[in-house]
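User: Please take a close look at one strand and its surroundings. I would like a connected account.

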Amino acid sequence: MKSKDILARYSRQIFIEKIGLEGQKKIRSSKILVIGAGGLGSPIIQYLTAAGVGTLGIADFDEVELHNLNRQIIHNENTVGISKVRSAEAFVNKLNHQVEFIGIDIKIDGSNAEEILSQYDIIVDGSDNFTTRYLINDTCVKLGKPLVYGSILGFSGQTAVFNYQGSKNLRDLFPEPPFDEDLPDCDSLGVLGALPGIVGSMMALQVLKIITGLPVQPDQLTLIDTLEWRFQTIDF
């Protein structure tokens, strides 16, 4: 992309003094992995694509279903029944063809996590189960990768930055995962569609701040209660 086209497309973020053209170059050269192309993954993918990240990896092994569409807004009625990775690829290519899209249409597990995550600068966890969350966290710790974490349920969400420049990780906050079957999830209790938009946008912003060297708040969990409209931070 020519310099004049970069300025025209990304001018509103380049004009921010703390980002500028150098910050945009950092965004352009970044390699980001988003795990999950669902409720959280959708706004993360949207805003990282719009910001012009250089390489965007998307890992998901599900297909688009009709009930996804109230919150997973990169997908649409025409992509119901196809893989979320392919649907996400179509969205990314339509929004910003300059972004290199890497689709990972398999389940990340103990046999492949290290190989996959090692290829990216920042890992963004939009998964929906504790087994994957702890696997991703532990792999990031092993590889020294910063991890942007988020979760949602009903009207509530939380987000944090783990393992960034020597900061704490998920196990410092919650040492052991609970049993998945003992806990409610979106399939059983539901989620209001705008909530992942809020939390996912916060996660995308944290990614962009890390890329451009802006300050983030590690060792801190942000709790979001959109029913009572309360935002709380907890140091750990």
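Analyst: Strand β4 (residues 122–125) is covered on both faces: Ile122 and Val124 on one side, and Ile123 and Asp125 on the other, are all buried. Buried means under 20% relative accessible area, exposed over 50%, and partly exposed in between, with a 1.4 Å probe and protein chains only. Helices (H or I, at least four residues) and strands (E, at least two) are DSSP runs, numbered from the N terminus. This is a predicted model, in which local features need pLDDT of at least 70 and side-chain atom pairs count only at pLDDT 80 or more, while totals for chains, interfaces and linings use all residues. Residues are numbered from 1 along each chain as its sequence is written, and side-chain values use heavy atoms, with hydrogens and water left out.

β4 pairs with two strands, where pairing requires that DSSP finds at least two bridges between them. Strand β1 (residues 31–35) runs parallel to β4 and is joined to it by four bridges; here Leu33 stands opposite Ile123. Strand β5 (residues 147–153) also pairs with β4 in the parallel sense, over three bridges, and Tyr149 of β5 stands opposite Asp125.

Helix α6 (residues 130–143) forms a right-handed β-α-β unit with β4 and β5. Right-handed means that, with the strands pointing away from the viewer, the path from the first strand over the helix to the second runs clockwise.
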